[in-house]
Structure formats: C-alpha cells, structure tokens
Amino acid sequence: MASILRIIVQRLALGVLTLFVVSIVIFAAVNMLPGDFAQAILGQGATPEAVAAIREDLGLDKPPVTRYFEWLGGAVRGDLGNSFAQANFASFVGTDGASTMGSVAAQIGPRFANTMFLAGVTAMIAVPFAIILGLLAALYRNSLFDRAANIFTLSSISSPEFFLAYVLILFLAVLNPILPSLSNIYADMAFSERLEKTLLPALTLTLVVTAHMMRMTRAAIINLLASPYIEMARLKGMSPARVIVKHALPNALAPIINVIALNLAYLITGVVVVEVVFVYPGIGQLFVDSVKIRDIPVVQACCLIFASAYILLNLTADILSIISNPRLRHPK
C-alpha cells in the first residue's frame, strides 16, 4: 500500500510540474498571436493615445513576466481574470458590476458544463461499443467480421471530423430528419431535449474515438491468447468467449484503460471542430470565438483547462494501470 501511495504522489508531482511548463508555453503562445485587442476594439481610426490608454487599463502595458505570474497566481487561486470583451462592454454601458460581468470563470463555467455533457454522452456510447467490438474482433479474429470491423474503424479514424459531421448531418438530419443538425442547447432545457440535440455531435465523436479503443482491446486480448494460463483454460473445456471475458480481459485492462483515458481526454480537448460544425455552445466554440476577437484571458483559460484535463486523465490512466497490474504494482 505504501508503495502505491508513493507512486501516486510521484505521478501527481510530475503532473503539477508538467502543468507549470505547459502554462508557460500557453502564455507565450497566446501572447504571440497576431493582432492587438486594443487596436481591434477601437478600429482603424484609433489614435496611439487611445490605444495606449486601453492597454494600460487592461494591464497589457506591463512586462510579460509580470503578467504571467499575475495570471498564474490568479489561476492557482481559482481566479482566471476578466474577459477583455465582456469587461469592455460593461464599462461602455456603465455597469457597476463590470468585474462580475467580465469574469472569465463565469463565462467558461456553463460552456465547460456543456462540453462535459457532450463528452459524457459520447463516452457512454463509445466505450462499451469499442470494448464489445474489440472483444468480438479478438474472438473471431481473421474472420470476415474482424476485417469488416477493422476497415470500418480505420475509415472513421482516417476521415476528418468535419467530414464525418457533415456526412451524419446529410443522412440523419437532411435526407432522413431523425436528429437536429444544430445543437442549440440552453440552460433550462429538458434533459431529453438536451440529449436529442447532443446526440449527433456525440455520434460524430464516437466514430472518431472508437477505432483506437477497439484496436487496442483487440490487440491486448490477442496478445494474451498464447499465454499458458489461457491454454490451460481451453484444455479444461471453457468456451472461447468465457476464456476471453473471464481470463484474458482482466489481464489486458492496463493498456485498455490507458487508451480509454487518452480518448476521454480527447473528448474534452478535441471537440473544437465538432462544436463549431454543430454550433454547440461548449468551451471549444468559446475558444474559437475568443481567438477571433483576441480575448487573451479567455483563450489562456481555455488552453489551461484543455491542458489540465489532458494531464489529469493521463495521470488517472497511469495510476489505474499500476493498480490493475500486479507486475507494475510490485516491480522487481
């Protein structure tokens, strides 16, 4: 038990260090984006004095190192800063609660919840489907079913997300109006209606992530079928399906957990294209809109959330792999 706790603490410390390095990369990359928010908000006729005044008001005149540590310190405390665009609008209309209205956290919160809902629906469809498909492909390996499953999954993962999205829109929303083509959800929407409007982007993401999980499940199971304990189970007269589910699958969990966690991380960090195609009000759509208007605090916060989710899910996969594999738990 002590060894497991030590490994978990080491992984968490490594994750914090990785996130710190990533935050430096995010800050540097975002601030290297072409264009200037102050210039964009004032237009082409802006005077240098007016641009300088807005930059001073937003803190853009400070040295980059100072701005980075102010942003990092606020992020550690849970304060992601104020949106340039929202705070500017609040100041124009004379709102006393400009800081609340322009809060990045308040702006991202509902969008992130929408993205998590989309990721959850996709995971509930994709994970069981991919594992069952991988088990069947391993059970009937080199058969027509195995080849068809491999062709289908490789075709889906090789196709761009926007292409799959438009194909599904064509067949499920235009030619056969089963599902809505636009996912215009809102806060007080009923769960059934929200689920219906989320289903088409969820199916698109399912086609994208199924191949990795299915092929890893298939490969891990087939790799174990030549093991002595599998041969012994067969000699005892167990059916092939029971051998795979009861003996092979539990010992193949480590690589399967890894690939599932990586794909779940993708569902949070890689939804930008899908959200834009379906006009889904998630964090990916907010990220694209904020890049267009050079809203630096929102862009930085979105990137930090993407990086944190990816690192956290990778750490979770690493820890679960260690716990599920005695050889990793007790290395020699």
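So, what covers the buried residues of H8? Hold that thought while I give you the ground rules.

What we have here is a predicted model, where local features need pLDDT of at least 70, side-chain atom pairs count only at pLDDT 80 or more, and totals for chains, interfaces and linings use all residues. Residues are numbered from 1 along each chain as its sequence is written, and side-chain values use heavy atoms, with hydrogens and water left out.

Okay, back to H8. Helices here are DSSP runs of H or I with at least four residues, numbered from the N terminus. H8 covers residues 144-158, so to speak: 15 residues, reaching 21 Å from first C-alpha to last, close to the 21 Å expected at 1.5 Å a residue. That expected span is 1.5 Å times one less than the number of residues.

Which residues of H8 are buried? Asp 146, Ala 149, Asn 150, Thr 153 and Ser 156. Buried means under 20% relative accessible area, exposed means over 50%, and partly exposed is in between, with a 1.4 Å probe and protein chains only. Looking down the axis of H8, the buried residues fall within an arc of 140°, so they line one face of the helix. The arc is taken from the directions from the helix axis to the C-beta atoms. Over on the other side of H8, Leu 144, Arg 147, Ile 151 and Ser 158 are exposed.

And the cover? It includes helix H7 (104-139), helix H9 (161-174) and helix H10 (191-224).

H10 also has a charged link to H8. Arg 218 forms a salt bridge with Asp 146, with the closest N and O atoms 2.7 Å apart. The pair joins distant parts of the chain, Arg 218 in H10 and Asp 146 in H8, 72 residues apart. A salt bridge, by the way, is a side-chain nitrogen of Lys or Arg within 4 Å of a carboxyl oxygen of Asp or Glu. Asp 146 counts as buried, at 2% relative accessibility.

Staying in H10, have a look at Thr 206. Thr 206 is buried too, with a relative accessible area of 6%. Leaving aside residues up to four places away in sequence, Thr 206 touches Thr 122, Ile 125 and Ala 126, where contact means heavy atoms within 4.5 Å.

How many salt bridges are there by this rule? Three. Another one is Lys 62 with Glu 70, at 3.2 Å between the closest N and O atoms. Glu 231 and Arg 234 also meet in one, at 3.4 Å, and both lie in helix H11, about one turn apart.

Notes. Helices (H or I, at least four residues) and strands (E, at least two) are DSSP runs, numbered from the N terminus.
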